[in-house]
Structures are given as structure tokens and as C-alpha cells.
Amino acid sequence: MQKSVRLKSFELITQDINSVDVSLLHALSIGVGWPHRPKDWDILRRAGLGIVAVDGIGRVFGSAMWFPHGDDFATIGLVITSPRTQAQGTGRWLMEQVFEQCGDRDLSLNSTHAAYRLYVSLGFTKEAIVYQYQGDVAPKLPPLPELNGQLHELSNDNVEEINALDARAFGTDRGKLLALLAEGAAICTLRRGDEIVGYSMCREFGRGHVVGPIVASNDQDAIHLAAVHLKDLAGRFARVDTREKGLFAEFLQQSRLAVSETVTTMSKGRRFLNRTNGEPAVYGLAGHAVS
């Protein structure tokens, strides 16, 4: 695989994403309007693997990361090319190198509108739309449905207690990622008897806080798991990424979070989303990069 590419006026080479200063990655994401802070980049670099495209004097013009979950599946994210190189094939060049690193793994990603045609040409197929709800949370949340179970705070040190439930919902084990996200997160579980049937995390991200992942078996459970965090964020900026359209989405709207953007969940290889009624599902994403 070609490890360098010559554009109209300069040549780019690839380097490991951990070899560059995080300030350069922050500048790259700011340049395309993405909200990632340096701290967000640091967490994602710890969670996955990646490459950057740099020129001869060390300027960063692109990035691409992948997050392995076991030996046969990975998610791809943070595929960014600077506006100066977007029309010159840099994104395809970076993706081809990610494919080489991922081997024969099945893959999933969340595509922006701008990148959708590129991913289709690379063999990805559309599965669902992700709605990015965000805004300043209402001072008072709408009425909640009856709670079936008990909500409990979970210590960051005990995050492994949700791993099995999350694997059922997500489709594969992502315990390493959950442990990293939990470091600075508030975690809530929903229990019925002695069984954990749902959970949610809330952590600082971008302009404010993101509530996610959220895993639940129905809309009512998911609403309570989101509300337990949103009530503490009244008047502050929050974000929830979801593929839901029903009661859960209505609750987010009534909490004054509005859809600001959509992306498309796509897969290459086996189908990624295989939801079964009554089984736990991912109501709130961990983030666009890691699903």
C-alpha cells in the first residue's frame, strides 16, 4: 500500500497518529467544524489505532482511526481531511491504508453527508440514520413514564459489571472502550431485581456533555436512563446521538434537544445492526467515531 501521495503542490506521508502533537489533531478537527477537544482526541487515541497524513514540515492534513473489538470486527472513525486536500483523493488514500491494517475484519462507521459517496465506492452499505440531538437542556424535563426497576449509580471502578449487557446490545465485546469512557463519566444502571437491564453514561465532550452510551430494552427504560443525567444538566449544553424515532426521540425533543445533524451508519462485511424486540439495544451512541 502506498505510504505517500503526491498532491498538486506537495507530498503527504503517513505516520502513526500517536506520533503527532494533539494540538495538530485539534486544529484538524476544528478546521472541519468538529467539536473534539484535545482531551477528546487523547481518549480516542488511547482507545484505538490510527494514522495521520503529514507534509514534509510536519503539518497534518488528514487522519483516520480504527477501533478493534475482538479479532473480527472494528469501527472506523475520525476520518478527516483538511479542506485543502478534500478533493484530491486523500480520504480514499487514508481509508485504503486503514483497510490494510484491519485485515479481514468486518467494519462499521458513521458517515457524514460529504463522505457518503466515498464509502459507498469502497464497499460500505447503508444501515440506518443517526440523529444528533443537542442543545441547552430544558430547566424542567417533561413527565417521565413509570419506572420499572431501580436506578443506581455505578462506580467507575465497577464498569465491568455492564460489559455483558453492552455486548448483547452492541453485538461484540467493547470492554476496553467502556473502561476508558468511564474514567471521567457518571454511570447509571437500571436494575430489576438483581439483574442489570440497562445503563447510561454521561461525560464531558466537545461543547458540553454527551449522554451515551445508553443501553436499554425499551423506550421507557431508555428515557429514564437519559433523564437521570439530563436533569443534572439543566440549562447546560448536552448531546445525545441516537438512531431512534419513537418515544425516546420525542423525549429528547421535549427536553429541548434538537436535531442538528445526521450521519449514516454503514457496514462492510457482515451487517452491523441486528436488533431484536425485547433484547437490549443501543439507544444512545458512545460517539460517531466509535458507534
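**Before you start**

This is a predicted model, in which local features need pLDDT of at least 70, side-chain atom pairs count only at pLDDT 80 or more, and totals for chains, interfaces and linings use all residues. Residues are numbered from 1 along each chain as its sequence is written, and side-chain values use heavy atoms, with hydrogens and water left out.

**Stop 1: the largest pocket**

Select V32, W34, V79, I80 and T112. Among the 48 residues lining the largest pocket, these are the closest to its centre. The space in this pocket is about 990 Å³. A pocket here is an open set of points on a 1 Å grid over the protein atoms alone, where a 1.4 Å probe fits, with protein on both sides within 12 Å along at least five of seven lines; lining residues have an atom within 4 Å of a point. Points are joined across faces, edges and corners, and the volume is the space filled by probe spheres set on them.

Which strand gives the largest share of the lining? Select residues 73-81. This is strand β5, and it supplies 6 residues. Helices (H or I, at least four residues) and strands (E, at least two) are DSSP runs, numbered from the N terminus.

Now colour the lining by class. It has 22 nonpolar, 18 polar and 8 charged residues. Nonpolar covers Ala, Val, Leu, Ile, Met, Phe, Trp, Tyr, Cys and Pro; charged covers Asp, Glu, Lys and Arg; the others, Gly among them, are polar.

Stay on β5 and pick T75, which lies in this strand. T75 counts as buried, at 0% relative accessibility. Buried means under 20% relative accessible area, exposed over 50%, and partly exposed in between (1.4 Å probe, protein chains only). T75 and L107 are 32 residues apart in sequence, and their C-alpha atoms are 5.6 Å apart.

**Stop 2: the second largest pocket**

This pocket holds about 420 Å³ of space. Select A169, L273, N274, R275 and A281, the closest to its centre of the 21 lining residues. By class, the lining has 9 nonpolar, 4 polar and 8 charged residues.

**Stop 3: helix α7**

Select residues 219-230. Helix α7 has 12 residues and spans 16 Å from first C-alpha to last, close to the 16 Å expected at 1.5 Å a residue. The expected span is 1.5 Å times one less than the number of residues.

Is this helix enclosed or open? Because 11 of its 12 residues are buried, α7 is largely enclosed by the rest of the structure. The buried residues include D219, H224 and L230.

Step back to N218. N218 caps the N-terminal end of α7, with a side-chain oxygen 3.1 Å from the backbone nitrogen of Q220.

**Stop 4: backbone geometry**

Most residues other than glycine have a negative phi, and most peptide bonds are trans.

- Select G212 and P213. The peptide bond between them is cis, with omega near 5°. P213 is in strand β11 (residues 208-216).
- Select R256. Its phi is positive, near 75°. R256 sits in the loop between α8 (247-254) and β13 (258-268), and is exposed, with a relative accessible area of 57%.
- Select S291. Its phi is also positive, about 65°. S291 lies in the segment after β14 and counts as buried, at 3% relative accessibility.

**Stop 5: cysteines**

How many disulfides does a search of the whole structure find? It finds 0. A disulfide is a pair of cysteine sulfur atoms within 2.5 Å. Select C202 and C188. C202 is in no disulfide, and the nearest cysteine sulfur, that of C188, is 11 Å away. C202 is buried, with a relative accessible area of 9%. C102 is buried too, at 2%.

**Stop 6: two loops**

Select I57, in the loop between β3 (49-54) and β4 (60-68). I57 is exposed, with a relative accessible area of 68%. The C-alpha atoms of I57 and L12 are 10.0 Å apart.

Finish at N18, in the loop between β2 (11-16) and α1 (22-31). N18 counts as partly exposed, at 48% relative accessibility. Its C-alpha is 22 Å from that of A182, a residue 164 positions away along the chain.

Notes: A polar contact is a pair of N or O atoms within 3.5 Å; within protein, one must be able to donate a hydrogen and the other to accept it, and residues adjacent in sequence count only if both atoms are side-chain atoms.
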